[in-house]
Amino acid sequence: MEDPSTRDPAPDLDRVQLDGLRDAAEAIRREVGKLIVGQRDLIDLLIVSLLAGGHVLVEGVPGIAKTLTARLIAKTIDATYRRIRFTPDLMPSDVTGTTVLNAGRFDFNRGPIFGNLVLIDEINRAPAKTQAALFEVMAEQQVTVDGVTHSLPDPFFVIATQNPIEQEGTYRLPEAQLDRFLLRIVVDYPDQQEERDILYRFRSDFRQRQVQDVQPVLSRDQVAEYRAVVESIYIRDELLDYIADLVHRTRTHPDLYLGASPRASLAVLRLSKAVAALAGRDFVTPDDIQRVAFPALNHRIILTPEREMEGFSARDVIGEILKGMEVPR
C-alpha cells in the first residue's frame, strides 16, 4: 500500500468532494435498493461507469432485473431518459433521427438516442447496419446525418443489455462495437435467499408500483462535477506501468486469439480511478486495478478456438495473467 505522504497530492481535490461523491453513490444504491434485491456488483459497476464517463454492456439471461436496474439508475438522476428496444427491423434513422421537409425547409428530427441516459434493450437483436449507427454516437458523443453533425447532451451514458443464451434472430456485436463499451457486466442468477427476498418484496405488488418511490438524487451538474473529481484522482507511474503490462500480456498470451487495445488500457485507468474515489481515496491502489480488470477486458479479448472448446473462459485467462504479474508496492 502506498504511503500518501510520499506522493504528489491530487490537484484540486479535497475531502469534501470525495465525501459528496460517496454520499451520492450511497443515495443511488439506497433508491435502487427499494426494488432491487442483491445485484450489488451490477449496481456498483453501473455507478462506477457513470462516474468514469463510459458506456456499459450488461449481459445475462432474461428475468434477472438487468433492464429494471438500468431504469432505476436512470430515475435516480435528474436528467433526460430514453429507452430503445432493438429489433431486427430497426433502421439507423430510428435511433439517430432523420431530416424531414417541413414548411419548405429541411429540419432534423432527433431520434431517441438524444438523451442523457439511454437504455438499449437487446442490442444484439438489431442488424449490423443499425448497430453501426452507434459507433460515432458512443465514441464521439455526436450524430452526423446528411453531412450535418449534431452534438448529444452532456452527460451522455448508454446502458445496453443482451441475452447470451438465445441466439436465434440475433446479430453478434462486432469487435469494434464491443470496444466502445467501457466495461461489460456479466450478471448471474440470485442466490436462494435473494430469490426468497424478491418474492416477499413483490407478493402484493405484481405491477411493481414501487418504481414510483424511486426519486432523483443526483443532478446533471453533479454528474459532471463528480466526473471531474474522478479524473483528478492520483495514480503513480508504477501503476500506469502495471496497467500497460496487464493489457500487453493479453496480446502475447498463448490462449488468446485477440488481445486488448490501447482503449482497454484507458478503460482500466478510468475505472480504477472511479473505484478509488468511491472508496474515499484520492489515489489508486493495485487492488483498484485488479477489481476492474475483468469487466474492463472480458469483452475485448477472444480465446483461441482450442481453449474455448476446452471450457476456458475470459475470466480464467485474465485471472491467470494477474497472478503472473508482480504487484507494485
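On a 1 Å grid over the protein atoms alone, a cavity is a set of points where a 1.4 Å probe fits but cannot get out, and lining residues have an atom within 4 Å of a point. A volume is the space filled by probe spheres set on the points, which are joined across faces, edges and corners. The model is predicted: local features need pLDDT of at least 70, side-chain atom pairs count only at pLDDT 80 or more, and totals for chains, interfaces and linings use all residues. Residues are numbered from 1 along each chain as its sequence is written, and side-chain values use heavy atoms, without hydrogens and water.

Two cavities of 30 Å³ or more are present. α1 contributes the most, with four residues. The lining has nine nonpolar residues, no polar and no charged (Ala, Val, Leu, Ile, Met, Phe, Trp, Tyr, Cys and Pro count as nonpolar; Asp, Glu, Lys and Arg as charged; the others, Gly among them, as polar).

The second largest cavity has a volume of about 30 Å³. Leu50, Ile77, Ala79, Asn116, Leu117, Pro155, Phe157 and Val223 line this cavity. Seven are nonpolar, one is polar and none is charged.

The largest pocket (an open set with protein on both sides within 12 Å along at least five of seven lines) has a volume of about 740 Å³. Of its 25 lining residues, Glu59, Arg172, Arg184, Asn298 and Glu308 lie nearest the centre.

Note on methods: Helices (H or I, at least four residues) and strands (E, at least two) are DSSP runs, numbered from the N terminus.
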